[in-house]
Amino acid sequence: MLFDTHAHLNDEKFNEDREEVIARAQANGVSYICNIGYNRETIESSLELARQYDFIYTAIGWHPQDAITMTDDDLIWIEKLATEEKKVVGIGEIGLDYYWDTSPKDVQHDVFRKQIRLAKKLKLPIIIHDREAHQDILDILQEEKAEEVGGIMHCFSGSPEMAEQCIKMNFYISLGGPVTFKNAKKPKEVAEAVPLDRLLIETDCPYLTPEPYRGKRNESGYVRYVAEKIAELKNISVVEMAQITTANAKKLFQI
């Protein structure tokens, strides 16, 4: 019983075989998926997926790369959907991205803060995208008192010390494909350091494909390779890893 807490199954890379990919996920023991909508187009298609499949839920928000395009009307729209649609379990992915220079930092900060405030209003957890923006992410989460709703540090790329800070702010640490990469030292250190009751697993499919399929399109069924690697690092069974991380995600998302 695995829970892929971060997927993009509505991505165009799945247009030819989406149903088969979802069926393979179930065949691989995936019992729950949280699919992510992060702009107008993907929010709508993610909601459609969640309506279509009982075991697929969605989080909706505005991605930092697209922050410059978000209007007040978009924020109102997200609030309306999150209020009316039962399958919306979180606000995200939201955060900061300093790798892709597509939205000015001050705009990203403003959009991030607005969505944290919305999540607090709706009492929904937030899913954080953090790329090369560790300290600013931590500062904004603290300033906005994000611990009131908590959430997920999606595809966590920080240090064990940063993970500890995030956990103190009521966040779960989610690991994906990189923890399986042979030379990826930091994700393995994080996996070893983070308490089991604060760990989640994900694919971020179609991106960040784990070994042994690295370099190919990722899919939700591959979350089991993430579970296997972390179970090995934690010296527990894969079954126990699956049970714990699924229970963590269900508790967070109130499923």
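Modeller: Two strands pair if DSSP finds at least two bridges between them, and strands (E, at least two residues) and helices (H or I, at least four) are DSSP runs, numbered from the N terminus. The model before us is predicted, so local features need pLDDT of at least 70 and side-chain atom pairs pLDDT 80 or more, while totals for chains, interfaces and linings use all residues. Residues are numbered from 1 along each chain as its sequence is written, and side-chain values use heavy atoms, without hydrogens or water.

Biologist: In what order do the strands of the open sheet lie?

Modeller: The open sheet has 8 strands in the order 1-2-3-4-5-6-7-8, paired in parallel. Strand 1 (2–7) and strand 8 (199–201) are its edges, each pairing on one side only. Neighbouring strands are turned by 30° on average, direction ignored; axes are lines fitted to C-alpha atoms, for helices over the stretch in contact, and angles between N-to-C directions run from 0 to 180 degrees.

Biologist: Which residue of strand 6 stands opposite I127?

Modeller: Strand 5 (residues 126–131) and strand 6 (residues 151–153) are joined in the parallel sense over 3 bridges, and I127 faces I152 of strand 6.

Biologist: Which strands does helix 2 touch?

Modeller: Helix 2 (residues 40–52) packs on the sheet against strand 2 (30–37), strand 3 (56–60) and strand 4 (88–97), its direction making about 160° with that of strand 3. Contact here means heavy atoms within 4.5 Å. Helix 8 (residues 223–234) lies across strands 1, 2, 7 (171–175) and 8, at about 145° to strand 8.

Biologist: How many aromatic pairs does a search of the whole structure find?

Modeller: A pair of aromatic rings is described by the distance of the centres and the angle of the planes. The search finds 7 pairs (Phe, Tyr or Trp six-membered ring centres within 6.5 Å; planes under 30 degrees apart are stacked, over 60 edge-to-face, the rest tilted). F3 and F253 form a tilted pair, 5.8 Å between centres and 40° between planes. Since F3 lies in strand 1 and F253 in helix 9 (residues 238–253), this pair ties together parts 250 residues apart in sequence. Both F3 and F253 are buried (under 20% relative accessible area, with a 1.4 Å probe and protein chains only). Y53 and F55 pair edge-to-face, at 6.1 Å and 75°.

Biologist: Over which ring does the charged end of R40 sit?

Modeller: The charged end of R40 sits over the ring of W77, 4.0 Å from its centre, and that of K105 over the ring of Y98, at 4.2 Å. The criterion is NZ of Lys or CZ of Arg within 6 Å of the ring centre and within 35 degrees of the ring normal.

Note on methods. Buried < 20%, exposed > 50% of the residue type's maximum accessible area, 1.4 Å probe, protein only.
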